[in-house]
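Visitor: I'm new to this one. Please pick a single part and walk me through it up close, along with whatever sits around it.

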Amino acid sequence: MTEQQRQQQEIERLQKKIQALSKAYNDTREELEKRKQEEKKTRPKGRPSTSAEKKAQVLSLCRQGHSMRSIAGKTDLALSTVHKIITEASQESKRVYVYMDRGRLATIIEACAITQKVHIINFTDDMLSRAFGVNENPGWEDYNAFMESRCMPRTRYGIREELKYMGIDVYDPFQIVEKTSGRVYGDGQSLERMNPEWVKKYDKIRKNVKDAAEQKEELKKLLEENRGRRTSNDLDY
């Protein structure tokens, strides 16, 4: 075989190799494109869902007092996403109580465990009848202390047996109030939690009626209407 023939043979071998590599490249590119199209079809529309870990981080920072903008920066989430997470969690954890003194409406207490914020509306000028007395801006610690004040003492003799009888495993003021309506022996006061249906109506009045006096009147009507539908065994508003 002459030198020229060997060179021609080598050129043909390299050409075949290049063709094979080119074919493999094109096949791979087509396969990748096909996968992309399939992913687009199966990918859920809208923004990707936020993981449970991220939501927990957002709520933890919220409880620590960070602003929504600060939380968005720390979690690398959009401000709107942070707002949605906190708003939804706050609505779920919010509790609204009606505090009565001898059958008269004294205070409405709105508390959110997520933001640890408390809002009250007093319906009487009698400081002894109000849930928090002269304190018109109670904090989270004030709220917890008040809830415990509507329960039997932690140190009461036989407390474990009493809790067991109520179906409660540990001393939890919130669970106890659910069972007793916050009634304490020796006074005529009670504390009852609104059910979800009435919380919605309460929220609607709070949102739509801006004048404080008018808002109180509307809330009174709402509560009176509801109490008229209660049975003696119905502890929820």
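Guide: Happy to! Two residues are in contact here when heavy atoms of theirs come within 4.5 Å. What you see is a predicted model, where local features need pLDDT of at least 70 and side-chain atom pairs pLDDT 80 or more, while totals for chains, interfaces and linings use all residues. Residues are numbered from 1 along each chain as its sequence is written, and side-chain values use heavy atoms, leaving out hydrogens and water.

First, some bearings. The protein has nine helices and four strands (DSSP runs numbered from the N terminus, with at least four residues of H or I for a helix and at least two of E for a strand). Along the sequence they run α-α-α-α-β-β-β-α-α-α-β-α-α. Of the 237 residues, 32% count as buried (under 20% relative accessible area with a 1.4 Å probe, protein chains only; over 50% is exposed, in between partly exposed). Among contacts between residues at least 6 apart in sequence, 50% join residues at least 24 apart.

The part I'd zoom in on is helix H5, residues 140–149. Which of its residues are buried? They are Trp140, Tyr143, Phe146 and Met147. Those four sit on the same side of H5, because they cover an arc of only 120° around the axis (taken from the directions from the helix axis to the C-beta atoms). An α-helix has 3.6 residues a turn, so residues three or four places apart point the same way.

And what covers that buried side? Strands E1 (94–101), E2 (104–112) and E3 (117–122) all take part, and the cover also includes helix H7 (173–180) and strand E4 (189–193).

Now for the rings. The structure holds four aromatic pairs (rings of Phe, Tyr or the six-membered ring of Trp with centres within 6.5 Å; stacked if the planes are under 30 degrees apart, edge-to-face if over 60, otherwise tilted). One of them joins Phe132 and Phe146, whose ring centres lie 5.0 Å apart with the planes at 40°, so this pair is tilted. Phe132 belongs to the loop between E3 and H5 while Phe146 is in H5 itself, so the pair links distant parts of the chain, 14 residues apart. Both Phe132 and Phe146 are buried.

Another tilted pair is made by Tyr143 and Phe174, at 5.7 Å from centre to centre and 45° between the planes. Back on the Phe146 side, ring pairs link Tyr99, Phe132 and Phe146 into a cluster.

One last stop is Ser129, which lies in the loop between E3 and H5, where Phe132 is also found. Is Ser129 buried or exposed? With a relative accessible area of 5%, Ser129 is buried. Setting aside neighbours within four places in sequence, Ser129 is in contact with Tyr99, Asp101, Arg104, Ala106, Thr124 and Gln189.
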